[in-house]
Amino acid sequence: MSRDVVRVAAVGDLHCGKASQGVFQPLFTRMAERADVVVMCGDLTDYGLPEEARVLAREVSSVLKVPMVAVFGNHDYEAERHDEVKQILIDGGVTVLDGDSAEIHGIGFAGVKGFAGGFGERALQSWGEPILKRFVREAVDEALKLEGALARLRTPQRIALMHYSPIRATVESEAPEITPFLGSSRLEDPINRYPVFAVFHGHAHRGSPEGRTASGVPVYNVALPLLRRRWPDRSPFRLIEVPVPPPAAAAAPVGVHTGVGLGATVP
Ligand SMILES: [Fe+2]
Ligand SMILES: [Fe+2]
């Protein structure tokens with residue numbers, strides 16, 4: 001079915017545990033009522049355990065009636081059983097992106113975990129000890145994966161989802177000592193090079209809800225603890241409306257960011 005607008009609801013950092021059965025059903029129900037696509041931005045599980053993933057998969061399958069796309073966060077790797085966790089979630093109906101892209105209702109979704117390293121001129125550089133170079137290499141690799149996923153999409157509108165932040169603005173309220181561990185400017189580069197409508201990320205539980213990249217792309221921090229604290233009387237997810245150009249317009253060359261801006265979102 002073609003639509004003029006696709007509503008995308010996003011949340012991150014559920015940290016689903018073994019005892020979370022039933023905890024997230026009200027949230028997923030509300031998201032499914034209001035959105036056409038649901039996005040989850042990592043730290044889906046608390047320790048990356050298959051038992052936790054099975055709980056989350058049951059939460060999802062019992063209430064979710066709309067497509068769901070997700071990326072992993074650092075917590076999903078803790079037990080080093082991420083391949084099992086991924087398969088359980090895929091079997092539960094979740095599209096898990098790791099340098100991949102997916103097209104849903106005419107909107108393109110590109111997803112990566114991302115990585116740390118800091119922002120701007122103070123970002124960690126690949127220099128000195130081999131272990132430090134490997135650390136920087138992880139951020140570079142994640143940025144390349146994001147670029148590849150964005151490049152493969154041919155949709156007129158693209159959404160980027162990740163766990164770590166691509167900009168400093170949405171981690172601004174965190175303690176300065178941990179800022180370099182909350183994201184990397186290297187993730188921002190491909191977002192500024194490709195026409196991206198909006199970016200969702202999590203990880204910074206005490207960060208700021210929104211900012212923009214250097215080229216003006218809206219960036220939303222959808223970490224659940226942040227949304228709960230900022231809007232305690234609302235369901236903790238972010239909702240944006242993405243206009244889908246009519247077929248004639250969609251055939252035109254892509255490359256223009258037509259974002260409706262921060263004002264078009266419903267926290
Ligand atoms: Fe988290
Ligand atoms: Fe995290």
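Q: What angles do the four donor atoms make at the iron ion (ligand 2), and what is the site called?
A: The angles run from 88 to 155 degrees, and the site is irregular. Donors here are N, O and S atoms within 2.8 Å of the metal (3.2 Å for Na, K and Ca), and water is not among the atoms, so sites may look incomplete. Four donors count as tetrahedral if all angles lie between 85 and 135 degrees; four count as square planar and six as octahedral if opposite donors are over 155 degrees apart and all others between 65 and 115; anything else is irregular.

Q: Before I go on, what am I looking at?
A: This is a predicted model, where local features need pLDDT of at least 70 and side-chain atom pairs count only at pLDDT 80 or more, while totals for chains, interfaces and linings use all residues. Residues are numbered from 1 along each chain as its sequence is written, chains are lettered from A and ligands numbered from 1 in the order in which they are written, and side-chain values use heavy atoms, with hydrogens and water left out.

Q: OK, which residues coordinate the iron ion (ligand 2)?
A: D43 (OD), N74 (OD1), H163 (NE2) and H203 (ND1), at 2.2 to 2.3 Å. Along the chain their spacing reads D-x30-N-x88-H-x39-H.

Q: Where do H163 and H203 lie?
A: H163 is in the loop between β7 and α5, and H203 is in the loop between β8 and β9 (210-212), so the pair ties together parts that are 40 residues apart in sequence. Helices (H or I, at least four residues) and strands (E, at least two) are DSSP runs, numbered from the N terminus.

Q: Are those two buried or exposed?
A: Both H163 and H203 are buried. Buried means under 20% relative accessible area, exposed over 50%, and partly exposed in between, with a 1.4 Å probe and protein chains only.

Q: How far apart are the iron ions (ligand 1 and ligand 2), and which residue coordinates both?
A: They are 3.5 Å apart, and D43 coordinates both. H15 and D43 are both buried.

Q: Moving on to strands. Why call β7 enclosed?
A: Five of the five residues of β7 (residues 157-161) are buried, so this strand is largely enclosed by the rest of the structure. Q157, I159 and L161 cover one side, with R158 and A160 on the other.

Q: What does β7 pair with?
A: Five bridges join β7 to β6 (residues 107-111), running parallel. β7 also pairs with β8 (residues 198-201) in the parallel sense, over three bridges. Two strands pair if DSSP finds at least two bridges between them.

Q: Which helix sits between β6 and β7 in the β-α-β unit?
A: That's α4 (residues 130-152), and the unit is right-handed. The chain then crosses from β7 through α5 (residues 188-193) to β8, again as a right-handed β-α-β crossover. Right-handed means that, with the strands pointing away from the viewer, the path from the first strand over the helix to the second runs clockwise.

Q: What does β10 look like beyond that?
A: Both faces of β10 (residues 218-221) are covered, with P218, Y220, V219 and N221 all buried. Three bridges join β10 to β8, running parallel, and V199 has V219 as its bridge partner.

Q: Last one: in what order do the strands of the five-stranded open sheet come?
A: β4-β3-β2-β1-β11, with mixed pairing. The edge strands are β4 (94-96) and β11 (238-243), each pairing on one side only. Six bridges join β1 (residues 5-11) to β11, and these run antiparallel.
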